[in-house]
Amino acid sequence: MSTDKDTKIPTAEQTGKITSKWTRKQVSTIYHQAFNDLVYCAHSIFRENFNHNEVQLSTLINIKSGGCPEDCAYCPQSAHYESHAEVTPLMEVDKVVEAAKVAKQNGAKRFCMGAAWRSPKDKDIKKIQSIIKSVKSEGLETCATLGMLSEQQAIALAEAGLDYYNHNIDTSPEYYEKIISTRNFNDRLNTLEIVRGAGMKVCCGGIVGMGEASDDRVDFLYELATMDPHPESVPINMLVRSEGTPLENSVGTDWLQLVRTIATGRILMPMSYIRLSAGRAEMSEELQAFCFFAGANSIFYGDKLLTTENPETQKDLRLLSRLGISPQH
Ligand code: SAM
Ligand code: DTB
Ligand code: SF4
């Protein structure tokens, strides 16, 4: 039963507090409130908790591309679809370290390594451990996204010094099964719990523009914001429509829904880094600036994401400089 507390827009004092006890109705009320009120509230909370003129830079590398057995409808790396993505074996340690050095020289603080796996094989974990150790010794924070993990695998990654594990819930529990059939929403939650149990920081977010309704975005945000503790890092991707995938011709969503998603995320999870993730190559600089104002304070930085384009580093540095935003040290 919804109460008065649910249907009134929570005040700034209420929303500024760190809590995982949000109701779905509260999340919906925050998301759907008048746009100026939403952005004003999000920006105020942003200023209270962060240096609002700083952005965290993470560089992404695809350490094992394509041929993935999962059928995620958005993903060019799924073996179920004919796409542009290359199929490659797990990269050698020295090649990954070379790329990490370049990322560091360019000013990235975190190095995120992605693999197109449903889950890693135990035999891969040793090599991943040496990759993590070597990247860390270059003075970078490390993040990996390798699919579902067993407890043992998560402990091995944590022992190697992995700082963050990225594992997205992607969308609402209801919409999830329209996008992926080879695993379910609970499989995702299970790995997230295992990652927390192993003591790593959690990077968890999702995608907007897959044809979901605004109710799905509300439910997606509700799932994230009721995690206790909140994910330290929340990537919000705008769908990159990739040729050959079932979502190739998705109508997407408009910029307003992206900004609403970011602003609501900022209000619900005041201390989390919200990353304006995939899709920036197709966004105007005005829209990106608006997302930073609404509380996004992290980006993927580097010319490439996993298989698709990201804005060039020089272009990003120019934009940040024009906005008076500095890369976080
Ligand atoms: N295989 C692992 C997994 O699924 O967790 C790791 C890599 S997977 C590519 C990481 C995330 O990238 C996905 O959860 C999804 O949120 C995002 N992603 C993949 N393809 C995308 C696309 N075309 N547009 C936007 N985000 C995408
Ligand atoms: C996340 O949330 N976004 C990144 C990362 N986690 C691994 C991946 C974006 C991929 C975009 C499509 C591609 O380049 O293949
Ligand atoms: Fe595989 Fe990850 Fe792509 Fe899904 S998102 S197909 S699990 S690489």
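Biologist: How do the residues of the lining of the largest pocket divide by class?
Modeller: In this predicted model, the lining of the largest pocket has 11 nonpolar, 9 polar and 3 charged residues.

Biologist: How much space lies in that pocket, and which lining residues are the closest to its centre?
Modeller: The largest pocket holds about 450 Å³ of space. It is lined by 23 residues, and Leu 60, Ile 61, Asn 62, Lys 304 and Leu 305 are the closest to its centre. Strand E1 (54-64) and helix H5 (93-106) are the elements that give two or more residues to this lining.

Biologist: What makes a residue such as Lys 304 one of those that line the pocket?
Modeller: A lining residue must have an atom within 4 Å of a grid point of the pocket. Lys 304 is listed among the residues lining the largest pocket, so it meets that cut-off.

Biologist: How many cavities of 30 Å³ or more are there?
Modeller: The count is 1 cavity of 30 Å³ or more. The largest cavity has about 850 Å³ of space. Its lining has 40 residues, of which Tyr 74, Cys 75, Gln 77, Asn 168 and Leu 306 are the closest to the centre. Strands E2 (110-115), E3 (141-145) and E7 (233-238) each give two or more residues to it. By class, the cavity lining has 22 nonpolar, 12 polar and 6 charged residues.

Biologist: Why is that space called a cavity, while the other is called a pocket?
Modeller: A 1.4 Å probe fits in a cavity but cannot get out, whereas a pocket is an open set of points.

Biologist: Where does ligand 1 sit, and how do you know?
Modeller: Ligand 1 sits in the largest cavity. The test asks for more than half of its atoms within 2 Å of the cavity's grid points, so ligand 1 passes that test. Ligand 2 and ligand 3 also sit in the largest cavity.

Biologist: What makes the pair between Arg 188 and ligand 1 a polar contact?
Modeller: A polar side-chain atom of Arg 188 is 2.8 Å from an oxygen atom of ligand 1. The cut-off for a pair of N or O atoms is 3.5 Å, so the pair counts as a polar contact. Ligand 1 also has an oxygen atom 2.9 Å from a side-chain N or O atom of Asn 168, and a nitrogen atom 3.0 Å from a polar backbone atom of Tyr 74. The protein buries 91% of the 550 Å² that ligand 1 exposes when taken alone.

Biologist: Which residues make polar contacts with ligand 2?
Modeller: Asn 168 has a polar side-chain atom 2.8 Å from an oxygen atom of ligand 2. For the side chain of Asn 237, the distance from an N or O atom to a ligand 2 oxygen is 2.8 Å. Leu 306 takes part through a polar backbone atom, 3.0 Å from an oxygen of ligand 2.

Biologist: How many charged residues does the shell around ligand 2 have?
Modeller: None; that shell has 7 nonpolar and 6 polar residues.

Technical notes
Residues are numbered from 1 along each chain as its sequence is written. Chains are lettered from A and ligands numbered from 1 in the order in which they are written. This is a predicted model: local features need pLDDT of at least 70, side-chain atom pairs count only at pLDDT 80 or more; totals for chains, interfaces and linings use all residues. Side-chain values use heavy atoms; hydrogens and water are left out. On a 1 Å grid over the protein atoms alone, a cavity is a set of points where a 1.4 Å probe fits but cannot get out, and a pocket is an open set with protein on both sides within 12 Å along at least five of seven lines; lining residues have an atom within 4 Å of a point. A polar contact is a pair of N or O atoms within 3.5 Å; within protein, one must be able to donate a hydrogen and the other to accept it, and residues adjacent in sequence count only if both atoms are side-chain atoms. Ala, Val, Leu, Ile, Met, Phe, Trp, Tyr, Cys and Pro count as nonpolar, Asp, Glu, Lys and Arg as charged, and the others, Gly among them, as polar. Grid points are joined across faces, edges and corners, and a volume is the space filled by probe spheres set on the points. Helices (H or I, at least four residues) and strands (E, at least two) are DSSP runs, numbered from the N terminus. Accessible areas come from the Shrake-Rupley method with a 1.4 Å probe; for residues, only the protein chains shown count as cover.
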